[in-house]
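Subject: Structure handover

Hello,

The structure you asked about is below, sequence included. My notes on it follow.

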Amino acid sequence: AWASYMTNSPTLIVMIGLPARGKTYMSKKLTRYLNWIGVPTKVFNLGVYRREAVKSYKSYDFFRHDNKEAMEIRKRCALVALEDVKSYLLEECGQIAVRSSALKIVLHQGSSKLPGVFFVESVCDDPEVIAANILEVKVSSPDYPERHRENVMDDFLKRIECYKVTYEPLDPDANDKDLSFIKVINVGQRFLVNRVQDYIQSKIVYYLMNIHVQPRTIYLCRHGESEYNLLGRIGGDSGLSARGKQFSQALKKFIEEQEIVDLKVWTSQLKRTIQTAESLGVLYEQWKILNEIDAGVCEEMTYAEIEAKYPDEFAMRDQEKYLYRYPGGESYQDLVQRLEPVIMELERQGNVLVISHQAVMRCLLAYFLDKSADELPYLRCPLHTILKLTPVAYGCKVETITLNVEAVNTHRDKPSLNSHDLPSRQSPVRMRRNSFTPRASADTVKRPRHHSLGSKPLHLLGPLPSLE
Amino acid sequence: VCMTNCPTLIVMVGLPARGKTYISKKLTRYLNWIGVPTKEFNVGQYRRDLVKKYKSFEFFLPDNEEGLKIRKQCALAALNDVRQYLSEENGHVAVFDATNTTRERRETIYKFGEENGYKTFFVESVCVDPEVIAANIVQVKLGSPDYVDCSNDEATEDFMKRIECYKNSYETLDETLDKDLSYIKIMDVGRSYLVNRVMDHIQSRIVYYLMNIHVTPRSIYLCRHGESELNLKGRIGGDPGLSVRGKEFAKCLAQFINEQNIKDLKVWTSQMKRTIQTAEALGVPYEQWKVLNEIDAGVCEEMTYEEIQENYPLEFALRDQDKYRYRYPKGESYEDLVQRLEPVIMELERQENVLVICHQAVMRCLLAYFLDKPAEQLPYLKCPLHTVLKLTPVAYG
């Protein structure tokens, strides 16, 4: 992935802030985003380590800063966590480790390959926001299995007080002016950014500045069934079939019933999504980058035809569907890279309906549901089905809504294969991606391109110029 | 994505020699390139037009009644032109470049924005490093029309006194007092940033851009792949390999790069054979960007211009009429190309020394960004084969 190329040395992201300031929320979301764009990232949550060490939580007394025994335990947990971080970054070749805890830690200079350190501090003084956080995520925490809600709130607020005594916020003017960090203030109202060192830190800052916590819903669906779907052909730029048109009408009804406030509708620049959106009778925007994966030389063929004409390609694709790039076309990995601006804009927006295509929808879904690259190309995204995504706590709730309009099944499961003896790093698909082999095929084939709708026909302003 | 619903007024804030004009011009150039009509309004320029001859820093003394009157007049004249540009001439963004160092002045401008339905975004540049300030003065102030008859020493002395005139009344954007305004405060040429209340997509893009630019000296080298087999046949597009002469060029390029002795040079190519083969000859690691691929000529791929004229005479004529916006059937337009190249530009801003080996249409788009060429000129910029363009940022360009 491009993003992977750009990160040379590992990065350690350290979260800072009092409890209930959204640290774990940001850690998990950031980790999900970074993994999706291809930067291996892992979260190390101190709270989890502490729960391992102290089997049952009694009360906020554990967090009092004069509780010596507890302090020892917490310090030990921090050191264990750091060891795990080191092993992840150096031995398991992770790129980024995100440490989530309320303590500001002092890094020990030990190993020669030091990670670049980037601090993310969340500062919040709005009591309403804090109370809402506690209700949303703390009440259901393993620390409070049987507790009454009010007791939880009470205990947790006292826990926060314990930390406040020793809390030293990042100070850009004096003590911490040489550190690289971003301070997120009041859930994104304000940001203070200091000494961004490299590409990945700049992407992290941009991402954190674009996410928000306002409640909203994202609807993902494919275009209605197309003529090519009926023929079993992939790609191309066909129009909707009769059942596809039926689906558009059903979609319109569904959207109206949902009574969504300020819904934005996005489509690709291919006929089938545009025709689907047209039936809704609302304004919609066409994004070229939402176009379906480019199957290159295999465009408009059926899977049977591909297997007959390009048996090696067909086999390679089944072996590593995420990385496999159609000759003259794209891979799922390319698709993720091209969809990144859509994800960024989806983060900024409120209620959105995205009408796209199978491969595209799989990539978007993988982002929201934190699916790995192995699972992504096999996610189920059937025609005539809407996925309604609602952010909750640390993740996303998914509701599947089938609109009862029949359609063909375009899903292919991963076939069981004979494993080859080569280590995964040397699979045929990966070897082909080596930069010392030109990626384009030897004989260039004239391949049909997608018709770009949306370019208005230009009118001739004058007579045709003479050909002399 | 439609970026601007209502027009945006960007207001620069800061003492003289803090890079306000540098930022204004660069931001304006970037926004215009990505297709957001933007114009900058430099109040200093209005002052020069009104007061024909600059005498000395005394014009800027806080108790100089005459001076104050003229400066206020200029600011209002500039705001008037802003209103005309945004409300009548379909501009989307106006950059109001002046010191705007007092809260009172900023209040006036903010009210102006509100009355006219503009969103206001402040960009403040704060810098206390005397070396940076001195370097700025040397780069851009000494050659200013204000100091055309002075020696360098005289000019520098006068300018430093000019800065002093502003210092006493300077009210920097404050976290508490200005907490309801939308702004970014840039400290020490990008060491740190304070960002407050970003309102919409365009402000978020502006912030991202400002956080990625730097002023470290460096050079960007742009060139096309070596001559290709299809070039020889006069055919456009496709994915051919290099011709014999093309391979020679690749070798010469390698030699040239070695001679230049460039520190930490990054090399980027597209994912098409001809740029990859060119880079191979350099013997250094390089990165392949798909978005650097040549413009997609759709149905016209691999045809000669004669064949296009014969088979698609209407398309051929239409392209000549509006080459920037014309989209090949089933292909792309220059406008599409600019959109897909934007991440390259952003990354080029972040990087230092880079060599980009690309294609004719792509190189034209990149060049237009760096040389601030408008859309009409972009598709006609000269980018011949076997020629390297070395770009070095200086002053405001």
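His225(B) is buried, at 2% relative accessible area (buried is under 20%, exposed over 50%, partly exposed in between; 1.4 Å probe, protein chains only). The model is predicted: local features need pLDDT of at least 70, side-chain atom pairs count only at pLDDT 80 or more, and totals for chains, interfaces and linings use all residues. Residues are numbered from 1 along each chain as its sequence is written, chains are lettered from A and ligands numbered from 1 in the order in which they are written, and side-chain values use heavy atoms, with hydrogens and water left out.

Annotated site

An unreviewed UniProt entry lists His225(B) and Glu294(B) under "active site" (positions are in the numbering used here, feature names are shortened, and annotations may be inferred rather than shown by experiment).

His225(B) sits in the loop between β7 (220–224) and α8 (229–233) of chain B (helices are DSSP runs of H or I, at least four residues, and strands runs of E, at least two, numbered from the N terminus). Beyond four places in sequence, its contacts (heavy atoms within 4.5 Å) include Asn231(B), Phe249(B) and His359(B). Its side chain also makes a polar contact of 3.4 Å with that of Arg274(B) (N or O atoms within 3.5 Å; within protein, one must be able to donate a hydrogen and the other to accept it, and residues adjacent in sequence count only if both atoms are side-chain atoms).

Glu294(B) is buried as well, at 15%, in the loop between β9 (287–288) and α11 (305–311) of chain B. Among its contacts outside four places in sequence are Arg274(B) and His359(B).

Salt bridges

Over all chains, the search finds 36 salt bridges (a side-chain nitrogen of Lys or Arg within 4 Å of a carboxyl oxygen of Asp or Glu).

- Asp318(A) and Arg412(A) pair at 3.3 Å, N to O. Helix α12 (residues 311–319) holds Asp318(A), and Arg412(A) is 94 residues away in the loop between β12 (395–402) and α15 (428–432) of chain A. Asp318(A) is buried at 7%; Arg412(A) is partly exposed at 21%.
- Lys119(B) and Asp200(B) have their closest N and O atoms 2.9 Å apart. Lys119(B) belongs to strand β4 (residues 119–126) of chain B, and Asp200(B), 81 residues apart from it, to the loop between β6 (192–196) and α7 (201–212). Lys119(B) is partly exposed at 27%, whereas Asp200(B) is buried at 11%.

Regards
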